[in-house]
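Visitor: I would like a quick tour of this one. Can we take it a question at a time?

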Amino acid sequence: MDSKERILSSLKNVVGEPLPRPEINLQYKTEALTEIFIGVAEASGTEVFLATGDTVAETIETWSKGGNIQSSVPALQKKYPLVFDEQVPFEKDKMPGIFVTEASFGVAENAALWLTDHELSSRLLAFIPERIIVLLKADTLVPTMHEAYENIGAEPPFGFGLFMAGASKTADIEQTLVKGAQGAKELAVILY
Amino acid sequence: MKGTHANLSKDFITGSDKTDWHNNALWFLRAKRDIQRDTIEDWEKLRSTAAAIKDHTLSRLPEYLQTFEENAVKNGMQVHWAWDDKELREITAKILKDNNARSVVKSKSMLTEECGLNPYLEQEGFEVVDTDLGERIVQLRKEHPSHIVVPAIHLKKEEVSDTFHEKMNTEKGNASPDYLASVAREALRKDFMKADAAITGVNFGVAEAGAVVVCTNEGNADMGVHSKKTVIHCMGMEKLVPGYDELAVFTRLLARSATGQPVTVFTSHYRKPRPETTEHIIIVNNKRTDIFADPEFRQAMRCIRCGACMNTCPVYRRSGGHSYHHTVPGPIGSVLAPFYGKEKNKDLPFASTLCGSCNNVCPVKIDLAGLLYRWRQKLTDETSSDMSKKIGMEVGSKILKSRKKYDLAGSVFRWVPKGLLQSGLNPWNVHLPDGRKGRVFPEVPKESFRQWYKKNQEDS
Ligand code: SF4
């Protein structure tokens, strides 16, 4: 008997009666999603900028202070072409100084942003650049993770999916918070 | 009696000035957890829903494991099953060899710690680098994590600075966490570039999606997973949840309970491998079928390894994680440990006050104090007893059963000179290496409570 069979048969011998799949009834009416999102994001060290469709580009420029910007957002790719190459991910010349992407939605309760292969174009781009800008349409905000996973279930299946809720951080040395442990050192969200 | 919790904690408590500092560091996490709890409408309902989901999943575990495997395979993942720690080690080494991988970057996984993966791989000639900063620190010091979420919580920054100075040539005496973390970042970046393969633990396996979910704050798991051609996820079989709706409940609870964050910085869902990459999932048993088979203890498999029971435990906080001679310390560790050796771990369920604080914070509502109490009864019957404890218990039981003997024992005790009670003859007293007294037997009051009460009743 191989290990799979051995595990399954050991479990089946003692498993007992199946219990019903519980109802998940934890959604409540939440207002002021934008305010909640901004509060939580700022508390975890993310900079949030309010913009309109017309001022997004300007906000990107100001925050970037002239660094090497690359973007996976179709509308921005002409201006900030993506030269990053997954085959040589650590090559300095190809790595963006600032990477700009757009989340498909955001979650107010924890300021998490949902990004998949589709938005990122290369998975590593969510981790390797030192500074990241995520664009987010304010009307995509959902109150909690319950609605968030409802969205995910309704979207076409992803290969890689990520909730990003800030810049990389660690508190492993005497509980002192240090930003930029491994991934991005700074994260900015442009809400429009 | 070497190697018991009581003996191992002695050094931590009396031989260092860490007790209060450690106590406060953990309480800081507990307090942050409480703040997060208060931001959630219906937190208690969230906890009971989580417990019910886990019970449901466990009650259909064989089906869910198969559904998970089928879907993961459809997504292009390769799924393996390991009966025990040995098989996990062997499967991992084989995958690495088959893919010509010599060096590995590894993100946090208490499961691989439990299964002794690192020492085995090193012995087989692989180079293994733990990439979570806390785990890297304990790896460089050749220690084990003292906590399942914050592995280096037992260390002061000066100790980290000394270790880094010795191993990574950092400035001597510079203990700034910013500085130390930035040096580690540079060093680990090189390890990421060099490595041939990545290994991660798993926080959740989503059966209906065939996906594994890994939660980190540093992003270290992803740095490896997305840059290597060979990727291995090691998953304990209790990590399954049915679908996304259920996953939502746990992503709301995990980080809030663990570190008091609204969610971990990165919650990564791995479903399909990148092109030209082989991605493996190893489903691990290692005694979980024994825990599952025990109707009283099955609920321990609800555990999502958040560490909240450790952060709140008055014994853990003051004795440090290394006093528990088992991979997972604290209340849940002491519940699990006897499944991995009753005789050698029989002291652990006693390393608790049974105050029940762990029950109150556990996001999946495991009756930790109840299970520890249950172990005490079982282990007293099922393992050899410690002679001095046995005699003490028998004498104690005789005295406590009789009012007269109890009063007599109390008054005799009061006659023992203070000098003797507080001398080295009483094993309760502990002297620090510098001669100061570390723990001193308290002075015995002149009258018993009963006498005091009687007198005060008469006075009033
Ligand atoms: S037993 Fe509960 S509190 Fe302790 S680690 Fe597991 S889930 Fe967290």
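**Chains and ligand**

Guide: We start with chain A, where 55% of the 192 residues count as buried. Bear in mind that the model is predicted.

Visitor: What does the secondary structure of chain A come to?
Guide: The C-alpha trace of chain A spans about 65 × 45 × 40 Å along its principal axes. Within that trace, the secondary structure comes to five helices and 10 strands.

Visitor: Of the contacts in chain A with a separation of 6 or more, how many join residues 24 or more positions apart?
Guide: Contact here means heavy atoms within 4.5 Å. For chain A, the share from residues 24 or more positions apart is 71%.

Visitor: Why is chain B called as compact as a globular protein of its length?
Guide: Chain B has 23 helices and 12 strands. For its 460 residues the globule rule gives 23 Å. The chain counts as compact because its radius of gyration is close to that, at 25 Å.

Visitor: What percentage of chain B is buried?
Guide: The C-alpha atoms fill a box of roughly 85 × 55 × 45 Å. Buried means under 20% relative accessible area. Of the 460 residues in chain B, the buried part is 58%.

Visitor: Where does the ligand sit?
Guide: The test is that more than half of its atoms lie within 2 Å of the grid points. The ligand's place is the largest cavity.

Visitor: Which residues come nearest to the ligand?
Guide: The shell divides into 11 nonpolar residues, one polar and one charged. There are 13 residues around the ligand. Nearest come B:Cys303, B:Cys306, B:Gly307, B:Cys309 and B:Cys362.

Technical notes
Residues are numbered from 1 along each chain as its sequence is written. Chains are lettered from A and ligands numbered from 1 in the order in which they are written. This is a predicted model: local features need pLDDT of at least 70, side-chain atom pairs count only at pLDDT 80 or more; totals for chains, interfaces and linings use all residues. Side-chain values use heavy atoms; hydrogens and water are left out. A residue is near a molecule or strand if one of its heavy atoms lies within 4 Å of it. On a 1 Å grid over the protein atoms alone, a cavity is a set of points where a 1.4 Å probe fits but cannot get out, and a pocket is an open set with protein on both sides within 12 Å along at least five of seven lines; lining residues have an atom within 4 Å of a point. Ala, Val, Leu, Ile, Met, Phe, Trp, Tyr, Cys and Pro count as nonpolar, Asp, Glu, Lys and Arg as charged, and the others, Gly among them, as polar. Helices (H or I, at least four residues) and strands (E, at least two) are DSSP runs, numbered from the N terminus. The radius of gyration is taken over C-alpha atoms; the globule rule is 2.2 Å times the number of residues to the power 0.38. Buried means under 20% relative accessible area, exposed over 50%, partly exposed in between (1.4 Å probe, protein chains only).
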